[in-house]
Amino acid sequence: MTRTPLILALVAAAALAGCNKENHTINPNVADDQADAAANGPVELPPAIAESKTYRCADNQIVYVDWLADNKSANIRTDKAAIPTRVVAAEPGQPMTAAGGYSLAGSPTGSNAKIALPGKSAQSCNA
């Protein structure tokens with residue numbers, strides 16, 4: 001019976017100890033980065049994913065490609081959980097490239113693509 005009030009007192013003390021007693025005054029003269037960005041004009045959102053495909057290449061490597069809706073960029077990954085590398089073309093329909101030796105030629109509706117990864121030459125890959 002005496003444990004319950006003791007436990008409640010400890011929980012209340014821990015909750016109060018977590019309170020920050022700093023001054024939280026908002027200064028209206030401080031610059032707002034988001035307001036400045038919005039005032040500079042419209043913000044362009046990244047393109048949506050139009051098609052996601054998994055390719056097996058000639059050297060038996062698996063490559064994951066997210067084709068983007070702008071028809072001139074895609075995201076390439078060699079591991080499903082990895083951070084993708086964006087490849088971009090100057091015009092829709094042209095091969096897409098990125099620094100480091102990445103390139104991609106193909107289309108989101110096709111069943112094969114030509115993919116080059118860092119340290120490897122371009123090879124044919126099938127979805």
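Student: How many disulfides does a search of the whole structure find?

Tutor: One, taking a disulfide as a pair of cysteine sulfur atoms within 2.5 Å. Keep in mind that this is a predicted model: local features need pLDDT of at least 70, side-chain atom pairs count only at pLDDT 80 or more, and totals for chains, interfaces and linings use all residues. Residues are numbered from 1 along each chain as its sequence is written, and side-chain values use heavy atoms, with hydrogens and water left out.

Student: Which residues does the disulfide join?

Tutor: Cys 57 and Cys 125, with S to S at 1.9 Å. Cys 57 is in strand 1 and Cys 125 in strand 8 (residues 123-126), so the pair ties together parts 68 residues apart in sequence. Strands here are DSSP runs (E, at least two residues), numbered from the N terminus.

Student: What's the handedness of the disulfide?

Tutor: Right-handed, because the torsion about the S-S bond of Cys 57 and Cys 125 is about 100°.

Student: Are Cys 57 and Cys 125 buried or exposed?

Tutor: Both are buried. Buried means under 20% relative accessible area, exposed over 50%, partly exposed in between (1.4 Å probe, protein chains only).

Student: Strand 8 again. What about Gln 123?

Tutor: Gln 123 lies in strand 8. Gln 123 is buried, at 12% relative accessible area. Its side chain reaches the backbone nitrogen of Ala 58 at 3.5 Å. Leaving aside neighbours within four places in sequence, its contacts (heavy atoms within 4.5 Å) include Cys 57, Asp 59 and Ile 115.

Student: Switching to the core. Which residues have the most contacts inside the largest nonpolar core?

Tutor: Val 65, Leu 104 and Ile 115, in a core of 16 residues. Such a core is a set of buried Ala, Val, Leu, Ile, Met, Phe, Trp, Tyr and Cys residues joined through side-chain atoms within 4.5 Å.

Student: Which strand gives the most to this core?

Tutor: Strand 2, with three residues. Strands 1, 2, 3, 5 and 7 each supply at least two.

Student: And what is Ile 115 in contact with?

Tutor: Beyond its neighbours within four places in sequence, the list includes Tyr 55, Val 63, Val 65, Leu 104 and both Cys 57 and Cys 125.

Student: Last topic, backbone. What is the phi of Asn 60?

Tutor: Positive, about 75°, although Asn 60 is not a glycine. Most residues other than glycine have a negative phi. Asn 60 sits in the loop between strand 1 and strand 2. Asn 60 is exposed, at 54%.

Student: And Asn 71, where is that?

Tutor: In the loop between strand 2 and strand 3. Phi of Asn 71 is positive too, near 65°. Asn 71 is partly exposed, at 47%.

Technical notes
Helix = DSSP H or I, 4+ residues; strand = E, 2+ residues; numbered from the N terminus. Polar contact = N/O pair within 3.5 Å; in protein donor to acceptor, adjacent residues only side chain to side chain.
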